[in-house]
Amino acid sequence: MNKSVVKEALDCLWKARQNNNLVIFVGSGVSKFYAKTLNKKFPDWKDLINNLSQSLGILGNELDYLQIAQMYEDYYGRKELIQKVIDLFPKSYEPGELHELIFEVEPAHIITTNYDDLLKRALKKSIKHLFTV
């Protein structure tokens with residue numbers, strides 16, 4: 001990659017941070033990368049839908065993913081859907097370095113499509129760190 005393009009991108013990010021306008025979008029790649037470093041696999045959207053489909057006794061390829069999630073919620077309730085998502089993720093993992101680094105750049109906002117709680121736990125650690133005297 002051209003060094004001037006990288007420098008320009010970094011300058012733009014720095015200015016956004018300085019102006020409290022930095023917004024970071026975190027997709028599943030962050031958690032997938034982290035899981036891979038542990039030789040583990042976190043469930044993705046397809047894994048979740050396959051699990052929901054099995055519980056409903058349907059073939060996942062008959063409907064689109066959102067329809068299956070909606071059917072699960074309609075049948076079992078929202079509370080059970082949320083619990084199903086929570087249960088799919090291991091409880092023993094701590095946030096990875098990349099999760100923590102995201103908060104070190106102090107973005108104004110973070111937007112995520114992830115349904116694991118690693119960012120949330122990394123945020124708690126960063127706030128705890130900020131207020132330690």
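Start by selecting Tyr65: with a relative accessible area of 30%, Tyr65 is partly exposed (buried means under 20% relative accessible area, exposed over 50%, partly exposed in between, with a 1.4 Å probe and protein chains only). You are looking at a predicted model, where local features need pLDDT of at least 70, side-chain atom pairs count only at pLDDT 80 or more, and totals for chains, interfaces and linings use all residues. Residues are numbered from 1 along each chain as its sequence is written, and side-chain values use heavy atoms, with hydrogens and water left out.

Now bring up the aromatic rings. Searching the whole structure gives eight aromatic pairs (rings of Phe, Tyr and Trp, the last by its six-membered ring, pair if their centres lie within 6.5 Å; planes under 30 degrees apart count as stacked, over 60 as edge-to-face and the rest as tilted). Select Phe42 and Tyr93: their ring centres are 5.1 Å apart and the planes are at 45 degrees, so this pair is tilted. Both Phe42 and Tyr93 are buried.

Trp45 is partly exposed, at 35% relative accessibility.

Finish with the backbone. Most residues other than glycine have a negative phi. Asn20, however, has a positive phi near 55 degrees, and Asn20 is exposed, with a relative accessible area of 54%. Then click on Glu106, where phi is also positive, about 55 degrees; Glu106 is partly exposed at 46%.
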